[in-house]
Amino acid sequence: MSSTTTVRQRRKTTQKASAESIATAKGRKRLCTFEELPDWQKDNELILDGYVRETRSVSECLKSLLYFHNETVNIYTHLVPGVTYLLMLMFLTDFILIPKFPSSTMTDYIIINFFLLGAFVCLMCSSCFHCLKQHSEEHSDIWSKVDYMGIIVLISCSMVSILYYGFHDHLFHFKIFTIVTVILGSCCAAFVLNDRFNSKNFRVFRASFFVSFGFSGLVPIIFGLVKFGISESVHRVQLKYVGLEAVFYIGGAVFYGFRIPENFGPGKFDLVGHSHQIFHVMVVLGSLCHLRAVVGSYIFMHTGVNYPGFLVFK
């Protein structure tokens, strides 16, 4: 082998190593520690590393979908279920429920899809927020409000859907409780659009605020228990799954509000396992329980049969 060839090979090797070093350095520059963040990005001081730097670019924010950081789990735990709800919105009622139960009405079709649409909107708003909030302070403020509005949409759609099956043969009561839900949802929307609500000092208050809105659904449930009795009410609204839904939502809010588990080990849950990620998973599980309740109530209304298991079709 000639000396010229050897020199060329060494140059290529050096250039390749240099390119790899630059690429690695660029990859590291994408992420930073909590201390390196500008003040507007500092939300949870117990998450110490893995932050995406301020990008000032939508395309750079979207590129963050392709590498791992401390928002990756937050994004995908709602993005994947959100897309799944969209597919169910397109196919569940048309190709599975309606053909199986010919007595279904247009109202059934609208009510079931109403919840699926609410779940899709909520989860997609959340995914967009966690993906795009590192653009800038202005974008973060806008997308955080979109995220909160998505939560209100999910709560409202969940309550209206279960109200219909609880009072399908007492439409006056259904209309009254629905109007109350819309009014409460509108008040909540006006409140969350206030900039002070987005402050990190309002973390526990935000969690308790949404839980309180959800707890307003106890009023029609108690009314139904008095009017129809325990056994009938349990079947009408699939109370078992509504109860599980509440457990997941409240549990998630507790983890989020009190920053569990990172409160007990700052820096140990930066990328996987911190409170916001747990909250996201709990929200998805709660929404699945509500979907099961709505479908179970729909089947009970049309057949008089109550399926105790989670899977209503076997």
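I took helices as DSSP runs (H or I, at least four residues), numbered from the N terminus. With that, I found V254 in helix α10.

A note on the source: this is a predicted model, where local features need pLDDT of at least 70, side-chain atom pairs count only at pLDDT 80 or more, and totals for chains, interfaces and linings use all residues. Residues are numbered from 1 along each chain as its sequence is written, and side-chain values use heavy atoms, leaving out hydrogens and water.

Next I checked cover: buried means under 20% relative accessible area, exposed over 50%, and partly exposed in between (1.4 Å probe, protein chains only). V254 counts as partly exposed because its relative accessibility is 37%. In α10, the buried residues include Y241, V242 and Y256. I saw that the buried residues of α10 pack against α5, α7, α8 and α11, where contact means heavy atoms within 4.5 Å.

Then I turned to rings. Rings of Phe, Tyr and Trp (its six-membered ring) pair if their centres lie within 6.5 Å; planes under 30 degrees apart are stacked, over 60 edge-to-face, and the rest tilted. My search of the whole structure gave 16 aromatic pairs. Y164 and Y165 have ring centres 5.0 Å apart and planes at 75 degrees, so I noted the pair as edge-to-face. Y164 is buried at 9% relative accessibility, and Y165 is buried at 1%. Both belong to a cluster linked by ring pairs, together with F101, F174 and Y298.

Note on methods:
Helices (H or I, at least four residues) and strands (E, at least two) are DSSP runs, numbered from the N terminus.
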